[in-house]
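Please look over the two-chain model shown below, with its sequence, before reading the report.

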Amino acid sequence: MPPFSRLLIANRGEIAIRVIRTCRELGISPISVHSDADVDALHVHMADASERIGPPAPRESYLAIDAVIAAAVRRGAEAIHPGYGFLSENPEFARAVEAAGLVFIGPPPTTLESLGNKLAARRLAQAAGVPIVPGTTVALADDPRELAVIGFPLMLKASAGGGGRGMRRVDSPDEVADALVAARREALSAFGDGTVYAERLLAPVRHIEVQLLGDRHGRLAVLGERDCSIQRRHQKLVEESPSPAIDPGIREALFDSARRVAGVVDFHSAATVEFLLDTANNHYFLEMNTRLQVEHGVTELVTGVDLVAWQIRVAAGQPLPDAVMHASSRGHAIEVRLYAEDPYNDFRPSAGRITAWQMPAGPGVRVDAGVAADTDLQPEYDPLLAKLMVHADDRSAAVDRLRRALDETVIGGVQTDAGFLRWLVDDASFMTGSYDTGLIDDRWGIDHPLPDEHGALAAIAAIAVRTATESSPIRPPDSKRAGSAWAEVARRRALR
Amino acid sequence: MSDLEARIDGESVTPAKGWRFEIIDPARGIGRLINGAASMPVLVEGKASDWVVTIRGRRIPVTVRSWREQVLAGAETATTARAGPAAVRATLPGLILTVAVSAGDPVDEGATLLTIEAMKMQNDVRAPRSGRVIEVSVQAGETVTTGTPLVRLE
């Protein structure tokens, strides 16, 4: 019997589709929600039904607690899966879901409360005997003398922040006053809470996280680690498991710390404990996220455990079976995130319409996408287009598979980070697995002159296509597919 | 065909020798460049003289012109080079967060004129060249679409 008969997914894009797929496999009827900007989105079409929850602005739709719960009640959903981002770590939402008599797929509201506050989480980890990044464990005063003790450079972070947002680097004592004002203002406007704290900026470091899965009967499975060290703006771009940087001893130490943190919170469902690992192999607790991570698929590939399925089953009260408790990691998995961002211009977001969309397939390839050809990108939302994951027997084979998969990938209409990713798979530090969180700044850099050979190849292709589209006596292309002379060539080929 | 010239960033580019181009999906612009044992997928979008070729994930704007078009384009450039005021337009839709300049301010090339929030990110809009601000057409809190004039520079 399915754990629930109907489930509402309070999210959009690729993660909504990811949850819909597992619902199908479990025999659950998936219901989606959409803003006015997403009426025609993929996740809307893939669900059994979709409810409008408001205008495009997230605050008025995907973050509108009342609208989401009303949609669930209207459709007779028994449970709500929040995905990641949006309401996934909002205790007020979790409480409202329970008050409506529905099941929130995630931990109890009190847990979300204590871990959502990064400062409280730091104190919690410290109390559990887990090392934390050196810094403050209470909110910074206006004249924070303790910063001199921490040392420079340091990071000011929003206590209510997360996902790489609300962070500010401070290099010297005379920058403190201005940085503090700016960090507080940013934190207040982004999270509604201006509390900030300080952490020493550790570098070079790797970012490694441990995947946990708990049930409502006190069982806790540790499902390996993910190395998420390749980041821009403190946000992840590439994740892999196992981490190429650690040996079994360090791995066990990370797992032990993750268990300790989980042990002091009332926790069930899926969660991730994030650590920094320095060059001396010391690890430091960063934060604990009690939700599905964007990069959860990497763990699914190496362990064979469907994390979404178990989130749902655990929420319905099922215990974790031994097969999950003792799931072992097999082979190597790597995920790269395809973003509508221009890596040749500081990874700034690109806007527009996806004109061509050809994703790789074949052995060991998984693509979780939220868009397709002809999708208009919505500036209101996260620019993540798809996650491309590969799995192979070992890391070297996985890198070769990733290169092959990226070569099959064709995205038209907007610049994506695919250009960076294709460069990455040939980069020496990535191939050897010896990179750290500074890879993009140190090795990718800012200047990206076009290689002469690529220019010469682009010239061939452009001249060939112009020639092909003009060598015909047939009328000029109509406006149906405006901007493309190719439609005409297609027509002529079809007539041959 | 030999009449066509390709330019990237205004520079004439000699097409690579030994490669041929094969069309795979004309409706979407997908093709393949092949040279013996080497080949790579390529996306070609555009029309007339303006094309964008995507190679290894990078979008490369390529201008392809016949000899006649080159002559005409040369004449056009000569007349627009002296152009006066420059309009800075939004390159992506979003919310104006801050406006850093007002009419009359002198700005240096690269100076931040304003910030736009789009796709959850704050983006600085910078001055394309040095000059005096003639007009600021938007204010903080306003939502703009791609192409909206933001600031006019002398």
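The report that follows goes through sheets, helices, the chain contact and some individual residues.

## Basis of the model

This is a predicted model, in which local features need pLDDT of at least 70 and side-chain atom pairs count only at pLDDT 80 or more, while totals for chains, interfaces and linings use all residues. Residues are numbered from 1 along each chain as its sequence is written, and chains are lettered from A and ligands numbered from 1 in the order in which they are written.

## Sheets of chain A

Helices (H or I, at least four residues) and strands (E, at least two) are DSSP runs numbered from the N terminus, and two strands pair if DSSP finds at least two bridges between them. On that basis, chain A has an open sheet of five strands in the order β3-β2-β1-β4-β5, with parallel pairing. Its edge strands are β3 (49-54) and β5 (103-104) of chain A, each of which pairs on one side only. Within the sheet, β1(A) (residues 6-9) and β2(A) (residues 29-35) run parallel and are joined by four bridges, and Leu8(A) has Ile31(A) in β2(A) as its bridge partner. Helix α3 (residues 65-74) of chain A lies across β1, β2, β3 and β4 (79-81) of chain A, and runs at about 150 degrees to β3(A); such axes are lines fitted to C-alpha atoms, for helices over the stretch in contact, and the angles run from 0 to 180 degrees between N-to-C directions.

Elsewhere in chain A, strand β6 (residues 154-162) runs antiparallel to β8(A), the two being joined by five bridges, and Lys157(A) has Tyr197(A) in β8(A) as its bridge partner. Strand β8(A) (residues 196-200) is largely enclosed by the rest of the structure, because four of its five residues are buried. A residue is called buried if 20 or more other C-beta atoms, placed from the backbone, lie within 10 Å of its own, exposed if 12 or fewer do, and partly exposed in between.

## A helix pair in chain A

The axes of helix α1 (residues 13-26) and helix α11 (residues 307-315) of chain A come within 9 Å and cross at roughly 65 degrees. That makes α1(A) roughly perpendicular to α11(A), a label given to angles of 65 to 115 degrees. The crossing of α1(A) and α11(A) is right-handed, which means that the near helix is turned clockwise from the far one by less than a right angle.

Residues are in contact if their C-beta atoms, placed from the backbone, lie within 7 Å. Here Arg18(A), Val19(A), Thr22(A) and Leu26(A) of α1(A) meet Val308(A), Ala309(A) and Ile312(A) of α11(A). By class, the contact of α1(A) with α11(A) has five nonpolar residues, one polar and one charged; Ala, Val, Leu, Ile, Met, Phe, Trp, Tyr, Cys and Pro count as nonpolar, Asp, Glu, Lys and Arg as charged, and the others, Gly among them, as polar.

## Chain B and its contact with chain A

In all, 45 residues of chain B are in contact with 46 residues of chain A. The largest share of the chain B side, seven residues, comes from β5(B). The residues on this side of chain B divide into 30 nonpolar, eight polar and seven charged.

Chain B also has an open sheet of four strands in the order β8-β15-β13-β10, with antiparallel pairing, and its edge strands are β8 (86-89) and β10 (106-107) of chain B. Three bridges join β13(B) (residues 131-136) to β15(B) (residues 149-153), where Val133(B) has Leu153(B) as its bridge partner.

## Loop residues of chain A

Most residues other than glycine have a negative phi, and most peptide bonds are trans. A cis peptide bond joins Phe152(A) and Pro153(A), with omega about -5 degrees, and the bond from Ser241(A) to Pro242(A) is also cis, with omega near -5 degrees. Pro153(A) is in the loop between α7 (146-150) and β6 of chain A, whereas Pro242(A) is in the loop between β11 (235-241) and α9 (248-263) of chain A.

Phe347(A) has a positive phi, near 55 degrees, and counts as buried with 20 C-beta neighbours inside 10 Å. Phe347(A) is among the residues that Asp417(A) touches, not counting residues up to four places away in sequence. Asp417(A) is itself buried, with 26 other C-beta atoms within 10 Å, and is found in the loop between β20 (410-411) and α14 (418-424) of chain A.

Definitions and conventions
Angles under 35 degrees count as roughly parallel, over 145 as roughly antiparallel, 65 to 115 as roughly perpendicular and the rest as oblique. Two residues are in contact if their C-beta atoms, placed from the backbone, lie within 7 Å.
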